[in-house]
Amino acid sequence: MSYLKFEKALMTNLEESLPKELLRTNRSGAYSCSTIVDCNTRKYHGLLVVPVPELDDENHVLLSSLDATVIQHGAEFNLGLHKYQGNTFSPKGHKYIREFDCDKIPTTIYRVGGVVLKKEFLFQNYEDRLLIRYTLVDAHSATTLRFRPFLAFRSVRQFTHENQTASRDYQQVDNGIKTCMYAGYPDLYMQFSKKNEFIFQPDWYRGVEYPKEQERGYASNEDLYVPGYFEMNIKKGESIVFAASTSEIKTSQLKKLFDEEISYRPPRDNFFHCLVNAAHQFHNRTKEDDRYILAGYPWFKARARDTFIALPGLTLSIEEADYFELVMKTSERALREFMEGKPLTGKIYEIEQPDVMLWAVWAIQQYAKKCGRQRCLENYKQLLLDIVKFIEDGRHPNLFLDSNGLLRTEGREKAVTWMNSTANGRPVVPRTGYIVEFNALWYNALRFVASMASEDNDTESASHLEQMAERCKQSFLNTFLNDYGYLFDYVDGDMMDWSVRPNMIFAVALDYSPLDQNQKKSVLDICTRELLTPKGLRSLSPKSGGYNPMYVGPQTQRDQAYHQGTAWPWLGGFYMEACLKLYKRTRLSFIERHMAGYEEEMAYHCLGTIPELFDGNPPFHGRGAMSFAMNVAEILRSLELLTKYKYQ
């Protein structure tokens, strides 16, 4: 039985099939994404979506979709599906789907009378090239295939509409054509492995509608340009490969290339393998050979905080320390450029956020545990010392070390933590002053770097850092610990935030904690009672003022809910770690049951991955970005911790 397989009954029921999305990436920033019935429901959907650095820093939809039509005895059966204004679906090709399977690569089986057609698609690694293979499994008479491409040539954040500016020019290339709708864009090459006839029949398909954008309160319709169609005969048992790319390829290579690319694909036949596949989709290798972790799909870029939080889970937890080192090499360059006040030469964003360096230290700490402290010393000792020194010397523009040993930041006017939603230009949650996770991370960093210095016989640095850590510990307890057994979320002068939020879990989960065992248990118990859901920790307790758990509606409404009760799986990862550290094997079955809540997501939203966040109330519906790096990473790290504690 396939792990990700859907039968005819689900595929032909659009209420069931339309919410299920499918993502494929090339590990270099480009992607292909739609629903499992090939009906685009977001403006971010498209068969070939690529970065165009010559234009801007966004991805661009070149090829929106490709409709295949089966022709027998002059009768045409269009397998495509589009949603138009007025809740109209056409041409309803989903009714011909018999099954869909995604264990190795996405595979759809269509049946039209006596014709059985199999469609498989993948994205070539490190190339802006989509490959689709059509195989005529069965047919009782002569069969022709027709392919009609729908072009957009627009940013993922915009729409295209019928206009006179769009170029209709095209040129014949090897078994296909190339075309470009607007100046500044790359040519789009559409080629087949078999000789075909291209019929130039330019037209605009008007009023294509994207319901996901409607839900989010945005504009939701556009017009797509169709330059014509390709047509060719196909015999029973024959396969034809279609390629859409920004560069030409010898079409004689397409069948071999498709087979080679399949051989590189790991199976998605269980929960763990799905997560590994999802982890690889966040990889981003640039032409300069820099390596990044994209924060999520479809709209996130490589953000510094997300990079360091996600990096251990996405690499170390699946035995890929080499990629950790590659990403850290790129990231260290950015960190040093920031510390030296130089312009950044890479594409890592928000590195100026005050907690980024603290998370970088945490990521390196995980590397030390996985790869050995000696290897960590060789690679990162100087970076660790330099980060601590940079903060201690007060050179960070928004991270200040006070005489009590705590770190202070200014967050009234601009969001500076992971809780970064804004309304009317100001933070929805104005966390400022002494922030609980900043100082938990700072204490952990001081103790970890001190231990590394000591191991390297740098006793002077070790002693100094231990003294700083002790001062931080006492002030942490005096500042954050309240009489109700949990930690204030932030303290700004005489103002203490009594909201019960998940950020205190880091003081329990980190390897070095300023809390004693009883204090840790008290914090963990409150997180369990008020914040824990089957999809991670809530961002705010239902008992706290302003609880708003449903991430729905227009942008302004969602901004207010973003960190006011929604549940986040990545926070759940640190909660699981805290549980295991405090209660060891006695909590194994509890955590295993919790993991089952994530496994059901593999077949529910975007197949094989975890969305950005969930509603904080039942039924805990997934929301936001379809695939989120920190969530995938922390679930992978939790699975690794489970295995460690189970067999230790």
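This is a predicted model: local features need pLDDT of at least 70, side-chain atom pairs count only at pLDDT 80 or more; totals for chains, interfaces and linings use all residues.
Local features need pLDDT of at least 70 and side-chain atom pairs count only at pLDDT 80 or more, while totals for chains, interfaces and linings use all residues. Residues are numbered from 1 along each chain as its sequence is written, and side-chain values use heavy atoms, with hydrogens and water left out.

**View 1. Helix α4 and its cover.** Helices (H or I, at least four residues) and strands (E, at least two) are DSSP runs, numbered from the N terminus. In α4 (residues 254-264), L254, L257, F258, E261 and I262 are buried (under 20% relative accessible area; exposed is over 50%, partly exposed in between; 1.4 Å probe, protein chains only). These buried residues line one face of the helix, because they fall within an arc of 135° seen down its axis (the arc is that of the directions from the helix axis to the C-beta atoms). K256 and S263, on the other side, are exposed.

View 2. Five of the six residues of β10 (residues 107-112) are buried. Strand β9 (residues 97-101) runs antiparallel to β10, joined by four bridges (strands pair if DSSP finds at least two bridges between them). I97 stands opposite Y110, and five residues lie between the two strands of this hairpin. Six bridges join β10 to β11, also antiparallel, with K118 as the partner of I109. The turn of this second hairpin has two residues between the strands, and G113 there has a positive phi of about 60°.

**View 3. The open sheet β27-β28-β29.** The three strands pair antiparallel in this order. β27 (434-435) and β29 (495-496) each have a single partner strand, so one side of each is left without a neighbour in the sheet. Two bridges join β27 to β28 (residues 490-492), and Y434 stands opposite V491.
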